Amino acid sequence: MTTEPFFDEFHRLQPDIPVVLLPPAAAAVPVAVPDIDPATAAMRAAGARQAAGRLLHVMWPVVAAGTEPPSTVRHGWEPGVPGTVRARAAGRVVRPAGLGSALPAAGSTLIARGWHVTERALGATGRRLTAELDDQGIELVEGGPERLLDISCTVPAVVGDHVLAVRRTGAVDAAWGCEAP
């Protein structure tokens, strides 16, 4: 018998089923958040936002051959490992009729350039391709009757304790002067 009342009762009712209780998992070691001053955090966050936009601009012809660049680029932030945020630049276009899927060619090109690429189905009519190179990321989502193609590029920024401020406002403090994403 064990010292757990639930499993003791279960074993009494089902004696033919062995019950094995494992020890609790060790607590995760907390990751130290780097100590970064607000000015440095602001500079790093702004640099990551610009780098994500450049990555989108440079990779567009590679991953979306045959389509015009998006008229609007959306910027945003997403969580990263403790003490970091990921700047995201994203665009959306409608693929012209007659063009096949952009994902196979994009995947082949990215692999040839050293990116780690995975592709999977997304619902009944869509596909998602994700690619990673060092700390940069690209995600392509294609599908639906509208023939939409969403492309987003992410770049991390180490901002220390200022993660919430960056994610909430796009700025570390009012002195940063960068528009919110």
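Guide: Happy to; what follows is a short chat about this model, which is a predicted one.

Visitor: How many helices and strands are there in the chain?

Guide: The chain has 4 helices and 6 strands. Starting at the N terminus, the elements come in the order α-α-β-β-α-β-β-β-β-α.

Visitor: And in what order do the strands sit in the sheet?

Guide: The order is β1-β2-β6-β5-β4-β3, in an open sheet of 6 strands with antiparallel pairing. At the edges are β1 (74-79) and β3 (116-122), each of which pairs on one side only. Neighbouring strands are turned against each other by 20° on average, direction ignored.

Visitor: What holds strands together in general?

Guide: Strands of a sheet pair through backbone hydrogen bonds, and they can do this parallel or antiparallel.

Visitor: Nice, found it. Which strands does α2 lie across?

Guide: Helix α2 (residues 38-63) lies across β1, β2 (84-94), β5 (136-143) and β6 (148-158). Its direction is at about 145° to β6.

Visitor: What about α3?

Guide: Helix α3 (residues 103-112) lies across β3, β4, β5 and β6, and runs at about 10° to β4.

Visitor: Which residues of α3 are buried?

Guide: Leu 103, Ala 106, Gly 107 and Leu 110 are the buried ones. They are on the same side of α3, because they cover an arc of only 100° around the axis. The parts that cover them include α2, β3, β4, β5 and β6.

Visitor: How much of the whole chain is buried?

Guide: Buried residues make up 34% of the 181 residues.

Visitor: New topic: pockets. How much space lies in the largest pocket?

Guide: About 160 Å³. Its lining has 14 residues, and those nearest the centre are Ala 131, Glu 132, Gly 137, Ile 138 and Thr 154.

Visitor: Which strand gives the most to that lining?

Guide: That is β5, with 4 residues. At least two residues each come from β2, β4, β5 and β6.

Methods. Residues are numbered from 1 along each chain as its sequence is written. This is a predicted model: local features need pLDDT of at least 70, side-chain atom pairs count only at pLDDT 80 or more; totals for chains, interfaces and linings use all residues. Side-chain values use heavy atoms; hydrogens and water are left out. Two strands pair if DSSP finds at least two bridges between them. Axes are lines fitted to C-alpha atoms, for helices over the stretch in contact, and angles run from 0 to 180 degrees between N-to-C directions. Contact means heavy atoms within 4.5 Å. Buried means under 20% relative accessible area, exposed over 50%, partly exposed in between (1.4 Å probe, protein chains only). The arc is that of the directions from the helix axis to the C-beta atoms. On a 1 Å grid over the protein atoms alone, a cavity is a set of points where a 1.4 Å probe fits but cannot get out, and a pocket is an open set with protein on both sides within 12 Å along at least five of seven lines; lining residues have an atom within 4 Å of a point. Grid points are joined across faces, edges and corners, and a volume is the space filled by probe spheres set on the points.
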